[in-house]
Amino acid sequence: MKVSVFTDRWEMNHPFVTSKNTVQHIDTITVCIARDGICGRGEALGVDYLGENADTMRGQIEAVRAEIEAGAGIDEINCLLPPGGARNAVDCALWDLRSKHSGKRAWDILGIPSGPVTTAYTLSLDSPENMAREALDHAKFPLLKLKLNQDEVHDSLGAIRAARPDATLVVDANCSWSLPFMETVQDDLLAFGVEMVEQPLPMGEDGDLEGFEYPVILCADESCQSYSDLEYTATRYQMANIKLDKCGGLTEAMRMVHWCRDNGLELMVGNMLGSSLAMAPGFLVAQYCRYVDLDGPLLQRTDRSAPLLFDGAIIQPPDRALWG
């Protein structure tokens with residue numbers, strides 16, 4: 001097999017603002033693994049808050065290039081590389097290659113359904129007025145994910161709810177809240193019909209959530225990176241956000257799906273931003289999720305050829321020319 005790694009830059013439509021940072025553009029890697037004239041592809045952005053970027057992911061892949069080119073398969077790669085973006089890109093490229101060589105779609109190989117899914121649309125952190133305007137501009141999206149910190153939560157929720165009384169609302173605090181703030185704001189969450197809060201407390205500082213009763217669903221994101229975190233997660237949260245960049249690819253993601261379904265932990269699938277190629281493997285995970293957040297391509301100016309087809313919030317299964 002022959003391994004090639006490329007870097008792509010994707011410009012955002014507008015600055016993407018969270019409680020952590022402001023993103024103007026992203027740099028992803030694309031891994032192509034070719035055999036017998038057929039190329040499988042995978043894309044990754046990596047986990048930026050853990051120090052991953054295009055250069056670090058390239059370095060990890062170069063370190064195992066010889067093993068991949070000698071024929072290392074999916075099981076071997078999941079032992080050779082740790083969870084993270086590099087393994088994600090390689091794992092998804094191998095799944096794409098396997099699909100193309102077998103003539104079967106990836107979901108058929110895995111024996112899972114492949115129906116259309118409904119994605120959330122993410123509202124970047126902004127003034128209450130601007131977030132309400134964005135909510136109204138995306139009226140075709142029944143699920144809105146709100147990036148919030150501790151500022152103007154009441155006003156932001158009120159403005160968005162007034163603009164979109166029909167919408168299901170979930171909040172992503174990106175580690176910016178504290179336990180006292182959670183208690184302070186819970187009445188607002190209930191009053192404005194928020195169903196779920198994602199990662200309210202900083203990673204590694206959420207021990208107080210064990211046995212903590214809260215009136216809305218709590219979902220782990222940064223606190224649940226991969227399969228090894230699931231038992232910890234289940235004692236503190238009611239839901240886990242699976243992201244392929246975090247866990248290291250589709251193989252690990254499906255292990256997490258099965259564990260969560262067996263142990264009563266609800267599921268969300270998310271993304272670290274990226275093109276349709278990054279979202280396509282997540283489409284398989286989405287078949288099992290209560291909340292789907294695969295809107296990355298909608299937030300950037302350009303996309304891959306043969307991109308995912310969005311009909312408003314509805315995502316159709318990926319075309320063979322894209323992935324899987």
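The following dialogue explains how several descriptions of this predicted model are reached.

Visitor: What makes the protein chain agree with a compact globule?

Guide: The comparison rests on the radius of gyration. A compact globule with 324 residues would have a radius of gyration near 20 Å, and the protein chain has 19 Å, so the value agrees. Along its principal axes, the C-alpha trace spans about 60 × 40 × 35 Å. Buried residues make up 56% of the 324 residues. Among contacts with a separation of 6 or more, 66% are accounted for by residues 24 or more positions apart. The secondary structure comes to 12 helices and 14 strands.

Visitor: How do you know that the structure holds zero disulfides?

Guide: A disulfide is a covalent bond between the sulfur atoms of two cysteines. The cut-off applied to a pair of cysteine sulfur atoms is 2.5 Å. For C92, the closest cysteine sulfur is in C247, at 8.5 Å, and is therefore too far for a bond. For C224, the closest cysteine sulfur is in C260, at 6.6 Å, which is likewise too far for a bond. A search of the whole structure finds zero disulfides.

Visitor: Are C92 and C224 buried or exposed?

Guide: Buried means under 20% relative accessible area. C92 has 2% relative accessibility and therefore counts as buried. C224 has a relative accessible area of 0%, so C224 is buried.

Visitor: Why is the pair of Y121 and F141 called tilted?

Guide: The structure holds four aromatic pairs, and Y121 with F141 is one of them. Their ring centres are 5.2 Å apart, with 50° between the planes. Ring centres must lie within 6.5 Å to pair, and planes under 30 degrees apart count as stacked, over 60 as edge-to-face and the rest as tilted, so an angle of 50° gives the name tilted. The pair links distant parts of the chain: Y121 belongs to strand β5, F141 to the loop between α6 and β6, and they are 20 residues apart. Y121 counts as buried because its relative accessibility is 8%, and F141 is buried with a relative accessible area of 7%.

Visitor: Why is the pair of W177 and F181 called edge-to-face?

Guide: The centre-to-centre value for W177 and F181 is 5.2 Å, and the angle between the planes is 65°. Since planes over 60 degrees apart count as edge-to-face, the angle of 65° places this pair in that class. W177 is buried, at a relative accessible area of 3%, and F181 is buried at 14%.

Visitor: What makes R255 a charge that sits over the ring of Y227?

Guide: The charged end of R255 is 3.8 Å from the centre of the Y227 ring. The cut-off is 6 Å from the ring centre, together with a limit of 35 degrees from the ring normal. R255 is therefore within the distance cut-off, and its charged end sits over the ring. R236 likewise lies over the face of Y232, at 3.9 Å from the ring centre.

Visitor: How do you know that the buried residues of helix α6 lie on the same side?

Guide: In α6, residues 128–137, the buried residues are P128, M131, A132 and A135. They cover an arc of only 100° around the axis, which puts them on the same side of α6. E129 and D137, on the other side, are exposed. The buried residues pack against β5 (121–123), β6 (143–147) and α7 (153–163).

Visitor: Why is E43 called buried?

Guide: E43 has 2% relative accessibility, and the cut-off for buried is under 20%, so E43 counts as buried. E43 lies in strand β3, residues 38–44. Not counting residues up to four places away in sequence, E43 touches residues including W10, T28, N88, L277 and R304.

Visitor: How do you know that T233 is buried?

Guide: T233 counts as buried because its relative accessibility is 0%. T233 lies in helix α9, residues 230–234. Leaving aside neighbours within four places in sequence, T233 is in contact with A220, S223, C224, M239, A240 and L265.

Terms used
Residues are numbered from 1 along each chain as its sequence is written. This is a predicted model: local features need pLDDT of at least 70, side-chain atom pairs count only at pLDDT 80 or more; totals for chains, interfaces and linings use all residues. Side-chain values use heavy atoms; hydrogens and water are left out. Buried means under 20% relative accessible area, exposed over 50%, partly exposed in between (1.4 Å probe, protein chains only). Helices (H or I, at least four residues) and strands (E, at least two) are DSSP runs, numbered from the N terminus. The arc is that of the directions from the helix axis to the C-beta atoms. Contact means heavy atoms within 4.5 Å. Rings of Phe, Tyr and Trp (its six-membered ring) pair if their centres lie within 6.5 Å; planes under 30 degrees apart count as stacked, over 60 as edge-to-face and the rest as tilted. The radius of gyration is taken over C-alpha atoms; the globule rule is 2.2 Å times the number of residues to the power 0.38.
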